[in-house]
Amino acid sequence: MAKKKDEKDVLIVRDEKTGEISVVAGLQADGTPRRTPPKMENAQDFLQFDKNGDVLDNFFRNFFRQCKEPSRFGFYRIAADQAEDLFGVMKELLKDPTANAELLAPHKVDTSAYEKQVAQEQKTQKEQKQEQNQTNNVELQKQENMEQKQQENVQQNAQENKQENKQRQGYQPIDESRIDWQALEKNWGVKREELEQSGDLQKMLNYGKSDLVRVTPNFGGESFSLDARLSFRKDDDGNVRLVPHFIRKEQKLDEYKGHKFTPEEKKALKETGNLGRIVDLVDKATGEITPSFISIDRKTNEITDMPAARIRIPERIGKTEITPQEHEMLRAGLPVKDKLIERNDGRKFVTTLQVNVEQRGVEFVPGTGKSPRTVEKQSNKESTKVAQAAPQQEPGKQRRNTWTNKDGSIRPITKWKGVPFTEEQKADYVAGKTVKLENVSDDKGVPSTMYLRFNPDKGRPYRYDTNPDNAQKVAPANESRTQVAVNSQGKTNEATKNVNEPLQKGQTAPKDDIQQKQEKRKSKGMKV
(Lines give C-alpha, C1' and ligand atoms only; values in the text may rest on other atoms or scores of the structure.)
Protein backbone atom coordinates (compact mmCIF):
# COMPACT_ATOMS: atom_id res chain seq x y z
CA MET A 1 0.00 0.00 0.00
CA ALA A 2 1.35 3.46 -0.89
CA LYS A 3 2.14 5.67 2.05
CA LYS A 4 0.28 8.92 2.58
CA LYS A 5 1.92 12.11 1.41
CA ASP A 6 1.66 13.76 4.79
CA GLU A 7 3.57 11.03 6.61
CA LYS A 8 6.64 12.22 8.49
CA ASP A 9 9.84 10.53 9.64
CA VAL A 10 12.16 11.14 12.56
CA LEU A 11 15.89 10.45 12.58
CA ILE A 12 17.68 8.23 15.07
CA VAL A 13 21.39 8.96 15.41
CA ARG A 14 24.09 6.66 16.80
CA ASP A 15 27.37 8.07 18.10
CA GLU A 16 29.81 5.51 16.65
CA LYS A 17 32.43 6.40 19.28
CA THR A 18 30.32 6.09 22.41
CA GLY A 19 27.43 3.93 21.15
CA GLU A 20 24.93 6.49 22.47
CA ILE A 21 21.48 6.29 20.80
CA SER A 22 19.41 9.48 20.48
CA VAL A 23 16.77 11.19 18.36
CA VAL A 24 17.77 14.15 16.18
CA ALA A 25 16.26 17.46 17.37
CA GLY A 26 18.19 19.80 15.06
CA LEU A 27 21.76 20.95 14.47
CA GLN A 28 24.19 22.47 16.94
CA ALA A 29 26.17 25.58 16.05
CA ASP A 30 29.20 23.37 15.28
CA GLY A 31 27.19 21.20 12.88
CA THR A 32 26.83 18.16 15.17
CA PRO A 33 23.30 16.80 15.67
CA ARG A 34 21.39 18.26 18.60
CA ARG A 35 20.13 15.14 20.34
CA THR A 36 17.38 14.16 22.76
CA PRO A 37 16.70 10.80 24.48
CA PRO A 38 14.50 8.42 22.41
CA LYS A 39 11.43 8.72 24.61
CA MET A 40 7.93 9.80 23.59
CA GLU A 41 7.88 12.39 26.40
CA ASN A 42 10.44 14.29 24.30
CA ALA A 43 8.37 14.03 21.08
CA GLN A 44 7.82 17.79 20.86
CA ASP A 45 11.60 18.22 20.40
CA PHE A 46 11.96 15.66 17.59
CA LEU A 47 12.89 17.11 14.20
CA GLN A 48 10.38 15.64 11.78
CA PHE A 49 10.91 15.33 8.03
CA ASP A 50 8.19 15.43 5.40
CA LYS A 51 8.77 12.53 3.04
CA ASN A 52 7.90 14.71 0.03
CA GLY A 53 9.80 17.82 1.17
CA ASP A 54 13.43 18.81 0.99
CA VAL A 55 13.99 19.42 4.70
CA LEU A 56 15.93 16.14 5.01
CA ASP A 57 18.19 17.13 2.11
CA ASN A 58 18.85 20.56 3.63
CA PHE A 59 19.59 19.00 7.02
CA PHE A 60 22.28 16.65 5.67
CA ARG A 61 23.82 19.27 3.40
CA ASN A 62 24.18 21.63 6.39
CA PHE A 63 25.46 18.74 8.50
CA PHE A 64 28.29 17.89 6.09
CA ARG A 65 29.12 21.57 5.53
CA GLN A 66 29.48 22.37 9.25
CA CYS A 67 30.37 19.15 11.11
CA LYS A 68 34.13 18.58 11.48
CA GLU A 69 33.74 14.83 12.16
CA PRO A 70 30.68 13.62 10.16
CA SER A 71 31.79 9.96 10.08
CA ARG A 72 31.28 9.79 13.83
CA PHE A 73 27.48 9.63 13.40
CA GLY A 74 25.22 7.05 11.79
CA PHE A 75 21.62 7.93 10.91
CA TYR A 76 18.48 5.79 10.74
CA ARG A 77 14.95 6.93 9.89
CA ILE A 78 11.67 5.60 11.25
CA ALA A 79 8.06 6.66 10.77
CA ALA A 80 7.00 9.29 13.31
CA ASP A 81 3.62 7.62 13.91
CA GLN A 82 5.39 4.32 14.80
CA ALA A 83 8.17 5.87 16.85
CA GLU A 84 6.83 4.76 20.22
CA ASP A 85 6.80 1.09 19.10
CA LEU A 86 10.10 1.19 17.23
CA PHE A 87 12.31 3.07 19.71
CA GLY A 88 12.94 0.06 21.92
CA VAL A 89 13.55 -2.26 18.95
CA MET A 90 15.95 0.17 17.25
CA LYS A 91 17.85 0.75 20.49
CA GLU A 92 18.48 -3.00 20.88
CA LEU A 93 19.49 -3.46 17.24
CA LEU A 94 21.87 -0.48 17.33
CA LYS A 95 23.81 -1.95 20.23
CA ASP A 96 25.53 -4.05 17.56
CA PRO A 97 24.81 -2.47 14.12
CA THR A 98 27.25 -4.75 12.33
CA ALA A 99 25.59 -7.96 13.48
CA ASN A 100 22.12 -6.50 12.84
CA ALA A 101 23.00 -4.84 9.53
CA GLU A 102 20.39 -6.80 7.58
CA LEU A 103 17.53 -5.80 9.93
CA LEU A 104 18.71 -2.19 10.04
CA ALA A 105 19.16 -1.86 6.27
CA PRO A 106 15.58 -0.60 5.53
CA HIS A 107 16.06 2.18 8.10
CA LYS A 108 19.68 3.21 7.47
CA VAL A 109 20.12 6.55 5.72
CA ASP A 110 22.73 6.53 2.95
CA THR A 111 24.46 9.89 3.33
CA SER A 112 27.20 9.29 0.77
CA ALA A 113 25.44 11.37 -1.92
CA TYR A 114 25.20 14.36 0.43
CA GLU A 115 28.85 13.96 1.42
CA LYS A 116 29.98 13.85 -2.22
CA GLN A 117 27.81 16.84 -3.13
CA VAL A 118 29.21 18.99 -0.31
CA ALA A 119 32.77 17.83 -1.07
CA GLN A 120 32.29 18.85 -4.70
CA GLU A 121 30.90 22.23 -3.65
CA GLN A 122 33.85 22.83 -1.37
CA LYS A 123 36.28 21.76 -4.10
CA THR A 124 34.64 24.14 -6.56
CA GLN A 125 34.77 26.99 -4.05
CA LYS A 126 38.45 26.28 -3.40
CA GLU A 127 39.22 26.31 -7.13
CA GLN A 128 37.30 29.52 -7.60
CA LYS A 129 39.19 31.06 -4.71
CA GLN A 130 42.51 30.02 -6.25
CA GLU A 131 41.48 31.45 -9.60
CA GLN A 132 40.45 34.65 -7.89
CA ASN A 133 43.81 34.84 -6.14
CA GLN A 134 45.59 34.36 -9.45
CA THR A 135 43.44 37.07 -10.99
CA ASN A 136 44.22 39.35 -8.07
CA ASN A 137 47.94 38.68 -8.53
CA VAL A 138 47.71 39.62 -12.21
CA GLU A 139 45.80 42.75 -11.33
CA LEU A 140 48.39 43.58 -8.68
CA GLN A 141 51.16 43.29 -11.22
CA LYS A 142 49.29 45.59 -13.58
CA GLN A 143 48.80 48.05 -10.76
CA GLU A 144 52.53 48.03 -9.95
CA ASN A 145 53.38 48.73 -13.59
CA MET A 146 50.87 51.53 -13.61
CA GLU A 147 52.44 53.00 -10.45
CA GLN A 148 55.73 53.42 -12.27
CA LYS A 149 54.11 55.39 -15.11
CA GLN A 150 51.53 57.45 -13.27
CA GLN A 151 52.51 57.70 -9.63
CA GLU A 152 50.07 60.45 -8.70
CA ASN A 153 47.02 58.75 -10.25
CA VAL A 154 47.95 55.45 -8.69
CA GLN A 155 48.18 56.97 -5.22
CA GLN A 156 44.74 58.50 -5.63
CA ASN A 157 43.25 55.21 -6.83
CA ALA A 158 44.96 53.33 -4.02
CA GLN A 159 43.41 55.67 -1.45
CA GLU A 160 39.97 55.16 -2.96
CA ASN A 161 40.40 51.38 -3.04
CA LYS A 162 41.56 51.37 0.58
CA GLN A 163 38.48 53.28 1.69
CA GLU A 164 36.21 50.97 -0.33
CA ASN A 165 37.79 47.82 1.17
CA LYS A 166 37.43 49.23 4.67
CA GLN A 167 33.71 49.75 4.10
CA ARG A 168 33.30 46.23 2.76
CA GLN A 169 35.03 44.62 5.73
CA GLY A 170 33.30 46.66 8.43
CA TYR A 171 29.68 47.35 9.32
CA GLN A 172 27.78 48.93 6.43
CA PRO A 173 24.49 50.74 7.02
CA ILE A 174 21.79 50.72 4.37
CA ASP A 175 22.75 52.77 1.32
CA GLU A 176 20.23 55.61 1.25
CA SER A 177 20.86 56.15 -2.47
CA ARG A 178 19.03 52.86 -3.06
CA ILE A 179 15.82 54.23 -1.51
CA ASP A 180 13.11 55.54 -3.86
CA TRP A 181 11.72 58.31 -1.65
CA GLN A 182 9.28 59.46 -4.33
CA ALA A 183 7.66 56.01 -4.49
CA LEU A 184 7.53 55.74 -0.68
CA GLU A 185 5.73 59.05 -0.37
CA LYS A 186 3.29 58.10 -3.14
CA ASN A 187 2.52 54.56 -1.88
CA TRP A 188 2.84 55.03 1.88
CA GLY A 189 2.77 58.77 2.60
CA VAL A 190 6.26 58.47 4.12
CA LYS A 191 8.46 61.58 3.84
CA ARG A 192 12.21 61.58 4.31
CA GLU A 193 12.24 64.97 6.07
CA GLU A 194 9.81 63.81 8.77
CA LEU A 195 11.77 60.62 9.45
CA GLU A 196 15.02 62.58 9.69
CA GLN A 197 13.59 65.19 12.08
CA SER A 198 12.22 62.51 14.44
CA GLY A 199 15.52 60.57 14.44
CA ASP A 200 13.80 57.48 12.98
CA LEU A 201 15.75 57.63 9.70
CA GLN A 202 19.05 56.95 11.46
CA LYS A 203 17.56 53.91 13.24
CA MET A 204 16.13 52.52 10.01
CA LEU A 205 19.37 52.97 8.05
CA ASN A 206 21.06 50.89 10.78
CA TYR A 207 18.58 47.98 10.38
CA GLY A 208 16.37 49.08 13.28
CA LYS A 209 12.72 50.14 13.45
CA SER A 210 11.19 53.56 13.66
CA ASP A 211 8.84 54.58 16.43
CA LEU A 212 5.12 54.44 15.67
CA VAL A 213 4.37 56.73 12.73
CA ARG A 214 1.22 57.47 10.72
CA VAL A 215 1.26 55.93 7.22
CA THR A 216 -1.32 56.22 4.43
CA PRO A 217 -0.97 53.11 2.24
CA ASN A 218 -2.69 53.22 -1.13
CA PHE A 219 -4.54 50.08 -2.18
CA GLY A 220 -6.55 50.06 -5.40
CA GLY A 221 -6.64 53.83 -5.52
CA GLU A 222 -8.00 54.12 -1.98
CA SER A 223 -5.90 55.46 0.93
CA PHE A 224 -5.99 54.23 4.53
CA SER A 225 -4.56 55.93 7.62
CA LEU A 226 -2.77 53.53 9.98
CA ASP A 227 -0.12 53.54 12.72
CA ALA A 228 2.92 51.34 12.15
CA ARG A 229 6.62 50.97 12.86
CA LEU A 230 8.83 51.03 9.77
CA SER A 231 12.07 49.34 8.78
CA PHE A 232 14.19 48.92 5.65
CA ARG A 233 15.19 45.57 4.16
CA LYS A 234 17.62 44.82 1.34
CA ASP A 235 16.85 42.19 -1.29
CA ASP A 236 19.43 39.97 -3.02
CA ASP A 237 20.03 42.63 -5.67
CA GLY A 238 20.83 45.31 -3.09
CA ASN A 239 17.55 47.19 -3.59
CA VAL A 240 15.90 48.63 -0.49
CA ARG A 241 12.22 48.22 0.30
CA LEU A 242 10.02 49.54 3.10
CA VAL A 243 8.60 47.01 5.60
CA PRO A 244 5.61 48.23 7.67
CA HIS A 245 4.98 46.64 11.09
CA PHE A 246 1.30 47.26 11.82
CA ILE A 247 -0.26 47.11 15.28
CA ARG A 248 -1.88 43.79 16.09
CA LYS A 249 -4.75 43.50 18.53
CA GLU A 250 -3.14 40.57 20.32
CA GLN A 251 -0.18 38.24 20.11
CA LYS A 252 -0.70 35.01 18.17
CA LEU A 253 1.39 32.67 20.25
CA ASP A 254 0.79 29.31 18.58
CA GLU A 255 3.72 28.54 16.30
CA TYR A 256 6.55 30.65 14.92
CA LYS A 257 9.05 29.50 12.30
CA GLY A 258 8.64 25.85 13.23
CA HIS A 259 8.69 26.41 17.01
CA LYS A 260 5.53 25.64 18.98
CA PHE A 261 5.18 27.70 22.14
CA THR A 262 4.61 25.89 25.44
CA PRO A 263 2.20 27.33 28.03
CA GLU A 264 5.19 28.54 30.09
CA GLU A 265 6.71 30.28 27.06
CA LYS A 266 3.40 31.97 26.23
CA LYS A 267 3.19 33.24 29.80
CA ALA A 268 6.77 34.56 29.69
CA LEU A 269 6.15 36.41 26.41
CA LYS A 270 2.98 38.01 27.73
CA GLU A 271 4.49 39.01 31.08
CA THR A 272 8.00 40.14 30.10
CA GLY A 273 7.91 40.40 26.30
CA ASN A 274 10.81 37.91 26.08
CA LEU A 275 10.77 34.12 25.58
CA GLY A 276 13.52 33.63 28.18
CA ARG A 277 15.59 31.04 26.32
CA ILE A 278 17.21 30.24 22.97
CA VAL A 279 15.23 28.11 20.50
CA ASP A 280 15.98 26.68 17.06
CA LEU A 281 14.07 28.45 14.26
CA VAL A 282 13.78 26.90 10.80
CA ASP A 283 14.06 28.90 7.57
CA LYS A 284 11.24 27.46 5.44
CA ALA A 285 13.00 28.42 2.21
CA THR A 286 16.39 26.85 2.93
CA GLY A 287 15.72 24.49 5.84
CA GLU A 288 18.56 26.15 7.78
CA ILE A 289 18.24 25.91 11.56
CA THR A 290 19.31 28.98 13.54
CA PRO A 291 19.50 29.23 17.37
CA SER A 292 17.61 32.47 18.09
CA PHE A 293 16.08 34.74 20.70
CA ILE A 294 12.36 35.60 20.47
CA SER A 295 10.63 38.72 21.82
CA ILE A 296 7.36 40.60 21.40
CA ASP A 297 7.42 44.10 19.93
CA ARG A 298 5.54 45.83 22.74
CA LYS A 299 4.36 48.62 20.45
CA THR A 300 2.88 46.42 17.70
CA ASN A 301 2.44 42.97 19.36
CA GLU A 302 4.51 41.47 16.53
CA ILE A 303 6.69 38.40 17.20
CA THR A 304 10.31 39.20 16.38
CA ASP A 305 13.50 37.14 16.43
CA MET A 306 17.25 37.51 16.07
CA PRO A 307 20.05 34.93 15.79
CA ALA A 308 21.71 34.34 19.15
CA ALA A 309 25.13 34.89 17.55
CA ARG A 310 24.23 38.51 16.75
CA ILE A 311 23.27 39.44 20.30
CA ARG A 312 25.97 41.29 22.25
CA ILE A 313 26.08 41.07 26.04
CA PRO A 314 27.90 44.06 27.61
CA GLU A 315 30.64 43.66 30.19
CA ARG A 316 29.13 46.52 32.21
CA ILE A 317 26.11 48.82 32.24
CA GLY A 318 26.98 52.31 33.32
CA LYS A 319 29.30 51.81 36.29
CA THR A 320 27.88 48.36 37.08
CA GLU A 321 29.83 45.24 36.12
CA ILE A 322 28.07 42.18 34.72
CA THR A 323 29.47 39.11 36.52
CA PRO A 324 30.46 35.95 34.57
CA GLN A 325 27.47 34.05 35.95
CA GLU A 326 25.08 36.88 35.00
CA HIS A 327 26.71 37.02 31.58
CA GLU A 328 26.01 33.30 31.06
CA MET A 329 22.42 33.69 32.30
CA LEU A 330 21.80 36.56 29.88
CA ARG A 331 23.45 34.63 27.05
CA ALA A 332 21.01 31.77 27.72
CA GLY A 333 18.05 34.20 27.70
CA LEU A 334 17.41 33.94 31.46
CA PRO A 335 16.43 37.06 33.45
CA VAL A 336 18.84 38.57 35.97
CA LYS A 337 16.47 39.78 38.67
CA ASP A 338 16.93 42.60 41.20
CA LYS A 339 20.18 43.82 39.67
CA LEU A 340 21.48 47.06 41.21
CA ILE A 341 22.48 49.41 38.37
CA GLU A 342 24.57 52.55 38.88
CA ARG A 343 24.44 54.99 35.99
CA ASN A 344 27.41 57.07 34.90
CA ASP A 345 25.84 60.10 36.59
CA GLY A 346 25.76 58.23 39.93
CA ARG A 347 22.02 57.52 40.06
CA LYS A 348 21.09 53.99 41.20
CA PHE A 349 18.10 51.77 40.65
CA VAL A 350 17.19 48.06 40.83
CA THR A 351 15.73 46.27 37.83
CA THR A 352 15.55 42.98 35.91
CA LEU A 353 17.94 42.49 32.99
CA GLN A 354 17.11 40.26 30.02
CA VAL A 355 17.96 39.92 26.33
CA ASN A 356 15.41 41.62 24.06
CA VAL A 357 15.31 41.32 20.28
CA GLU A 358 14.05 44.87 19.70
CA GLN A 359 16.98 46.24 21.72
CA ARG A 360 19.35 43.82 19.95
CA GLY A 361 20.90 43.26 23.35
CA VAL A 362 20.13 43.57 27.05
CA GLU A 363 17.14 45.62 28.24
CA PHE A 364 15.66 46.77 31.55
CA VAL A 365 12.44 44.72 31.61
CA PRO A 366 9.56 47.24 31.92
CA GLY A 367 7.73 47.24 35.23
CA THR A 368 10.64 45.76 37.22
CA GLY A 369 12.38 48.99 38.23
CA LYS A 370 12.65 49.74 41.95
CA SER A 371 14.59 52.12 44.14
CA PRO A 372 17.42 50.60 46.24
CA ARG A 373 15.63 51.75 49.41
CA THR A 374 12.45 49.85 48.49
CA VAL A 375 14.44 46.69 47.76
CA GLU A 376 16.35 47.03 51.03
CA LYS A 377 13.10 47.29 53.02
CA GLN A 378 11.68 44.21 51.30
CA SER A 379 14.93 42.32 51.88
CA ASN A 380 14.96 43.25 55.59
CA LYS A 381 11.40 41.99 56.02
CA GLU A 382 12.23 38.69 54.31
CA SER A 383 15.45 38.31 56.29
CA THR A 384 13.55 38.87 59.54
CA LYS A 385 11.04 36.17 58.65
CA VAL A 386 13.81 33.73 57.68
CA ALA A 387 15.76 34.48 60.86
CA GLN A 388 12.70 33.84 63.02
CA ALA A 389 11.98 30.55 61.28
CA ALA A 390 15.58 29.33 61.04
CA PRO A 391 17.31 27.38 63.84
CA GLN A 392 19.83 29.33 65.94
CA GLN A 393 23.47 29.04 64.91
CA GLU A 394 26.11 28.12 67.42
CA PRO A 395 28.19 31.11 68.66
CA GLY A 396 31.34 31.71 66.64
CA LYS A 397 30.13 29.71 63.63
CA GLN A 398 29.30 31.50 60.39
CA ARG A 399 26.66 30.11 58.08
CA ARG A 400 27.80 29.78 54.43
CA ASN A 401 26.16 28.66 51.21
CA THR A 402 27.81 25.44 50.09
CA TRP A 403 25.87 25.32 46.81
CA THR A 404 27.51 28.31 45.08
CA ASN A 405 31.05 29.58 44.48
CA LYS A 406 32.39 32.90 45.74
CA ASP A 407 31.53 34.62 42.44
CA GLY A 408 27.92 33.43 42.71
CA SER A 409 28.21 30.72 40.04
CA ILE A 410 26.64 27.29 40.60
CA ARG A 411 29.02 24.86 42.32
CA PRO A 412 29.18 21.46 40.54
CA ILE A 413 27.79 18.37 42.27
CA THR A 414 28.38 14.75 41.25
CA LYS A 415 25.42 12.94 42.81
CA TRP A 416 22.13 13.39 44.68
CA LYS A 417 20.96 11.06 47.43
CA GLY A 418 23.54 8.51 46.34
CA VAL A 419 22.56 8.56 42.65
CA PRO A 420 25.65 9.55 40.58
CA PHE A 421 25.38 12.11 37.74
CA THR A 422 26.49 11.45 34.17
CA GLU A 423 28.89 13.97 32.61
CA GLU A 424 25.97 15.46 30.67
CA GLN A 425 23.90 15.81 33.85
CA LYS A 426 26.81 17.53 35.63
CA ALA A 427 27.11 20.06 32.80
CA ASP A 428 23.34 20.63 32.66
CA TYR A 429 23.14 21.24 36.41
CA VAL A 430 25.95 23.84 36.39
CA ALA A 431 24.22 25.54 33.43
CA GLY A 432 21.02 25.85 35.46
CA LYS A 433 19.13 23.21 33.45
CA THR A 434 16.79 20.52 34.78
CA VAL A 435 18.32 17.09 35.51
CA LYS A 436 16.15 13.96 35.51
CA LEU A 437 17.22 11.28 38.02
CA GLU A 438 16.03 7.67 38.16
CA ASN A 439 15.89 5.37 41.19
CA VAL A 440 16.18 8.05 43.87
CA SER A 441 14.98 6.69 47.21
CA ASP A 442 11.89 8.34 48.67
CA ASP A 443 11.31 8.78 52.44
CA LYS A 444 10.53 5.03 52.77
CA GLY A 445 13.65 4.00 50.85
CA VAL A 446 11.78 2.96 47.68
CA PRO A 447 13.31 4.02 44.29
CA SER A 448 11.38 6.76 42.43
CA THR A 449 11.81 9.25 39.57
CA MET A 450 12.53 12.92 40.35
CA TYR A 451 13.92 16.12 38.78
CA LEU A 452 16.59 18.46 40.15
CA ARG A 453 17.36 22.06 39.21
CA PHE A 454 19.29 24.89 40.90
CA ASN A 455 16.89 27.56 42.20
CA PRO A 456 18.58 31.02 41.93
CA ASP A 457 16.04 32.63 44.28
CA LYS A 458 16.68 30.08 47.04
CA GLY A 459 20.39 29.70 46.29
CA ARG A 460 20.28 25.90 46.38
CA PRO A 461 19.22 22.86 44.30
CA TYR A 462 15.48 22.26 44.37
CA ARG A 463 13.74 18.92 43.92
CA TYR A 464 10.69 18.50 41.68
CA ASP A 465 8.53 15.43 41.24
CA THR A 466 7.72 16.39 37.64
CA ASN A 467 9.70 18.24 35.00
CA PRO A 468 9.45 21.97 35.88
CA ASP A 469 10.18 22.85 32.24
CA ASN A 470 6.94 21.20 31.07
CA ALA A 471 4.42 21.95 33.83
CA GLN A 472 3.82 24.72 36.36
CA LYS A 473 2.04 22.61 38.94
CA VAL A 474 4.47 20.37 40.80
CA ALA A 475 3.10 16.82 40.71
CA PRO A 476 4.90 13.47 40.93
CA ALA A 477 5.98 11.72 37.73
CA ASN A 478 3.24 9.38 36.41
CA GLU A 479 5.12 6.24 37.39
CA SER A 480 5.73 7.53 40.94
CA ARG A 481 2.60 9.62 41.61
CA THR A 482 0.87 7.18 44.00
CA GLN A 483 4.15 6.01 45.52
CA VAL A 484 5.30 9.54 46.46
CA ALA A 485 1.87 10.46 47.82
CA VAL A 486 1.73 7.40 50.10
CA ASN A 487 5.39 6.99 51.11
CA SER A 488 6.52 10.63 51.44
CA GLN A 489 3.37 12.71 51.88
CA GLY A 490 1.38 10.39 54.18
CA LYS A 491 -1.62 10.33 51.83
CA THR A 492 -3.70 7.30 50.87
CA ASN A 493 -6.60 6.14 48.73
CA GLU A 494 -9.17 3.36 48.85
CA ALA A 495 -6.78 0.84 47.30
CA THR A 496 -3.89 1.48 49.70
CA LYS A 497 -5.33 2.88 52.94
CA ASN A 498 -4.70 -0.32 54.91
CA VAL A 499 -1.34 -1.36 53.39
CA ASN A 500 1.46 -1.08 55.96
CA GLU A 501 4.44 -1.76 53.67
CA PRO A 502 5.91 1.08 51.52
CA LEU A 503 4.69 1.13 47.91
CA GLN A 504 7.21 0.28 45.21
CA LYS A 505 7.93 2.35 42.05
CA GLY A 506 4.83 2.33 39.81
CA GLN A 507 2.67 0.54 42.43
CA THR A 508 -0.90 1.85 42.87
CA ALA A 509 -2.60 -1.13 44.61
CA PRO A 510 -1.78 -4.11 46.86
CA LYS A 511 0.91 -6.09 45.01
CA ASP A 512 0.36 -9.63 46.31
CA ASP A 513 -2.04 -11.94 48.15
CA ILE A 514 -0.64 -10.98 51.56
CA GLN A 515 -1.27 -7.27 51.07
CA GLN A 516 -4.67 -7.95 49.51
CA LYS A 517 -5.71 -10.10 52.52
CA GLN A 518 -4.33 -7.41 54.83
CA GLU A 519 -6.42 -4.84 52.98
CA LYS A 520 -9.62 -6.94 53.17
CA ARG A 521 -9.07 -7.79 56.85
CA LYS A 522 -8.51 -4.19 57.96
CA SER A 523 -11.11 -2.60 55.72
CA LYS A 524 -14.11 -4.22 57.44
CA GLY A 525 -14.38 -1.36 59.91
CA MET A 526 -15.32 -1.32 63.59
CA LYS A 527 -18.29 -3.37 64.77
CA VAL A 528 -21.05 -1.52 66.70
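Me: Leaving aside neighbours within four places in sequence, which residues is Phe454 in contact with?
Reply: This is a predicted model, in which local features need pLDDT of at least 70, side-chain atom pairs count only at pLDDT 80 or more, and totals for chains, interfaces and linings use all residues. Residues are numbered from 1 along each chain as its sequence is written, and side-chain values use heavy atoms, with hydrogens and water left out. Contact means heavy atoms within 4.5 Å. With neighbours within four places in sequence set aside, the contacts of Phe454 are Trp403, Thr404, Ile410, Tyr429, Gly459, Arg460 and Pro461.

Me: Is Phe454 buried or exposed?
Reply: Buried means under 20% relative accessible area, exposed over 50%, and partly exposed in between (1.4 Å probe, protein chains only). The relative accessible area of Phe454 is 7%, so Phe454 is buried.

Me: What is the order of the strands in the open sheet of three strands?
Reply: The pairing in this sheet is antiparallel, and the order is E23-E24-E25. Its edge strands, each pairing on one side only, are E23 (435-441) and E25 (460-464). Ignoring direction, neighbouring strands of the sheet are turned against each other by 40° on average.

Me: At about what angle to E23 does helix H12 run?
Reply: Axes are lines fitted to C-alpha atoms, for helices over the stretch in contact, and angles run from 0 to 180 degrees between N-to-C directions. Helix H12 (residues 423-430) lies across E23, E24 and E25, and its angle to E23 is about 115°.

Me: Which residue in the turn between E1 and E2 has a positive phi?
Reply: Strand E1 (residues 8-15) pairs with E2 in the antiparallel sense over three bridges, and Ile12 stands opposite Val23 in E2. The two strands form a hairpin with five residues between them. The residue with a positive phi, about 80°, is Gly19.

Me: Which residue takes a positive phi in the hairpin of E2 and E3?
Reply: E2 and strand E3 (residues 33-36) run antiparallel and are joined by four bridges, with Leu27 opposite Pro33 in E3. This hairpin has five residues between the strands, and the one with a positive phi, near 90°, is Gly31.

Me: What is the distance, centre to centre, between the rings of Phe60 and Tyr114?
Reply: Rings of Phe, Tyr and Trp (its six-membered ring) pair if their centres lie within 6.5 Å; planes under 30 degrees apart count as stacked, over 60 as edge-to-face and the rest as tilted. Phe60 in H1 and Tyr114 in H4 are 54 residues apart. Their planes are 20° apart and the pair is stacked, with a centre to centre distance of 5.2 Å.

Me: Which side chain makes a polar contact with the side chain of Asn356?
Reply: Asn356 lies in strand E19 and counts as buried at 1% relative accessibility. A polar contact is a pair of N or O atoms within 3.5 Å; within protein, one must be able to donate a hydrogen and the other to accept it, and residues adjacent in sequence count only if both atoms are side-chain atoms. At 2.8 Å, the partner side chain is that of Asn274.

Methods
Pairing = 2+ DSSP bridges.
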